[in-house]
Amino acid sequence: MLKYLVFFHLTVAVLRILYILFGHTDLSTEEAQYWLWSKNLDLSYYSKPPLIAYMNAVSTFFLGNTEIGVRINAVIIGFLVGILTYFASYTIFYKYFENKRDLEIFSFISSVFIYGIVGYNLSSIIFLTDTPLILFYLLTVILFYKSINEKKPILWIGTGISAGLGFLSKFSMVFFLPGAVIYLLLKRRDIFKEKWFYISIFIASLFTTPVIIWNIKNDFVTFKHVGTLEGSYIKEISLEKSISYIGDYLIGQIAINSVFIFPLILGAIIFGIKHRKKNEIFYTLILPAVVFLFFLYVAFKKRVEANWPAFGYVTLYLLTVYFIYMKKIYKTTVVLFTLSLLSILILFYTPILDKVGLGHILPPEKDPTKRLVGWKELGEKVSEIISDLPENRYLIFSENYHIASELAFYVKGNPQTFCINLGRRMNQFDLWESMNTYKNRGYYGVYVTQWGLRDEVKDGFEKLIRHETFDVVFRGKVVRRYNIFVFSGFRGINEIKTNRY
């Protein structure tokens, strides 16, 4: 069975590589930002821990500063997650199968089932911090479960290392601990007497060291940023806004999983609650419940991005497949899985809708993939503009870190770019070299923005010498428009600093 497992997931990985090489999407703005971090390696970063930067540094060293150089990480991790899903099902549910062959088939189906999940497919192509987080969260789920049942020191050590790497992927890894502790309190209190349980936690905590050291040196900006995301700054909560945020949160969770797969997941949750006395089922239920409920609490105060809790659902997918197996709803599952897979394929190539006359279902202006196009062309346009300027005597900048990051990646030669602060919240650019370092030294400026020309920018130069607009056309419609201003004589910009994190 293992050879079929590897062959299947390897085949999908190859197809994903081909999509990246020949598809129509550019790097997302977050991917470009994390790539830029890899060119400025550090112990940690403003909003995220450092692992993604180091992974990008390694992959682009071998494959260059290219889309595949970045996204190969997502493809490899997607492959590994597929393999680990098999072993997670095998490890957790083996007691319920007398026949080893049936267990292997069940576990294989579990590893295939995740292809019907929107979030998994996105994270297996688009390389964000969620991608390595999902890998190490799932690995920790497996190792922790094996540790409490086999009580081998090597497994506890592995659990600690895996959890630590998950933390270095994304801080959300910490949500594994409360779910695990609740499980132990209700099902396995004997583990609290195991010294290796605490050693495992200590090992995991060691991986927080670089983040803590970096924050000590940088005024704990990450803690302030995370507190802002959690909504700790909000003193008064509007009931109307809370209802709106919660509604958006629930819709987002359905969408990030799949509208078609959601009925099966909901059925699995109800099934799991009814059979919660079984340790294996409770384990697969409590971990996602903790994550979901925490972000539901956050949604009372502010808007929650759909992907934030998605990593925590990995065990829920295992429970869903077990629910399907127990209820024998195979035909229904095949239909829903097929519809989900078809919708995901369309999502990755939405222009197909126009070709079959269904473009009105998802018009370009509402197409989420519009954010993944046009960056390469914008970079080429800026490259053309700077070719008319004296070599290495220009500064490329924006007030938006998304634009600044994409330009750093797509402008010829990957030049240094800057993100000026005109009243926005803080970001990683504010911790790097300031553009004002180059004032009064005869530099030109290339300012790229989706808005008009701010006085603060205009006053920072002696003369505006060129202004062009650039339209991003997707599926026959203009979905974004940029203003490109070229100045001479950089005198310095009076930035507007805020206490927003």
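Student: In which helix is Tyr283 found?

Tutor: Keep in mind that this is a predicted model. Tyr283 is found in helix H15.

Student: Is Tyr283 buried or exposed?

Tutor: Buried means under 20% relative accessible area. Tyr283 is at 0%, so the residue counts as buried.

Student: Which residues do ring pairs link into a cluster with Tyr283?

Tutor: Some contacts of Tyr283 are aromatic, including Phe144 and Tyr145. Ring pairs link Tyr283 into a cluster with Tyr137, Phe144, Tyr145, Trp156, Phe176, Tyr183, Phe192, Phe197, Tyr198, Phe282 and Phe311.

Student: How many aromatic pairs does the structure hold, and is the pair of Trp37 and Tyr45 stacked or tilted?

Tutor: The structure holds 51 aromatic pairs. For Trp37 and Tyr45, the centres are 4.5 Å apart and the planes are at 10 degrees. Planes under 30 degrees apart count as stacked. The pair of Trp37 and Tyr45 is therefore stacked.

Student: What parts does the pair of Phe175 and Phe295 tie together?

Tutor: This pair is tilted, at 5.6 Å centre to centre and 55 degrees between the planes. Both Phe175 and Phe295 are buried. The two parts are 120 residues apart in sequence: the loop between helix H8 and helix H9, where Phe175 lies, and helix H15, which holds Phe295.

Student: Which residue lies over the face of Trp375?

Tutor: Two arginines sit over rings here. Arg393 lies over the face of Tyr443, 4.1 Å from the ring centre. Over Trp375, at 4.6 Å from the ring centre, lies Arg480.

Student: How many residues of helix H2 are buried?

Tutor: Helix H2 spans residues 29–38 and is mostly covered. Its buried residues include Tyr34, Trp35 and Trp37. The cover includes helices H3, H4, H19 and H20. Of the ten residues in H2, the number buried is nine.

Student: Which helix gives the most to the lining of the largest cavity?

Tutor: The structure holds one cavity of 30 Å³ or more. The largest cavity has a volume of about 40 Å³. H4, H6 and H7 each supply at least two residues of its lining. With four residues, the helix that gives the most is H4.

Student: How many residues of that lining are charged?

Tutor: Among the lining residues are Ala74, Tyr120 and Thr131. The lining divides into five nonpolar and four polar residues, and the number charged is none.

Student: What is the phi of Ser258?

Tutor: Ser258 is in the loop between helix H13 and helix H14. Ser258 is buried, with a relative accessible area of 2%. Although Ser258 is not a glycine, its phi is positive, at about 150 degrees.

Student: Where is Lys328, and what is its relative accessible area?

Tutor: Lys328 is found in the loop between helix H16 and helix H17. Its phi is also positive, near 55 degrees, in a residue other than glycine. Lys328 is partly exposed, and its relative accessible area is 48%.

Conventions:
Residues numbered from 1 in each chain as written. Predicted model: local features only at pLDDT ≥ 70, side-chain atom pairs only at ≥ 80, totals over all residues. Heavy atoms only, no water. Buried < 20%, exposed > 50% of the residue type's maximum accessible area, 1.4 Å probe, protein only. Contact = heavy atoms within 4.5 Å. 1 Å grid on protein atoms, 1.4 Å probe; cavity = no way out; pocket = protein on both sides within 12 Å on 5 of 7 lines; lining within 4 Å. Points joined across faces, edges and corners; volume = space filled by probe spheres on them. Nonpolar A, V, L, I, M, F, W, Y, C, P; charged D, E, K, R; others polar. Phe/Tyr/Trp six-rings, centres within 6.5 Å; stacked < 30°, edge-to-face > 60°. Lys NZ or Arg CZ within 6 Å of the ring centre and 35° of its normal. Lists of a residue's contacts leave out its neighbours within four places in sequence.
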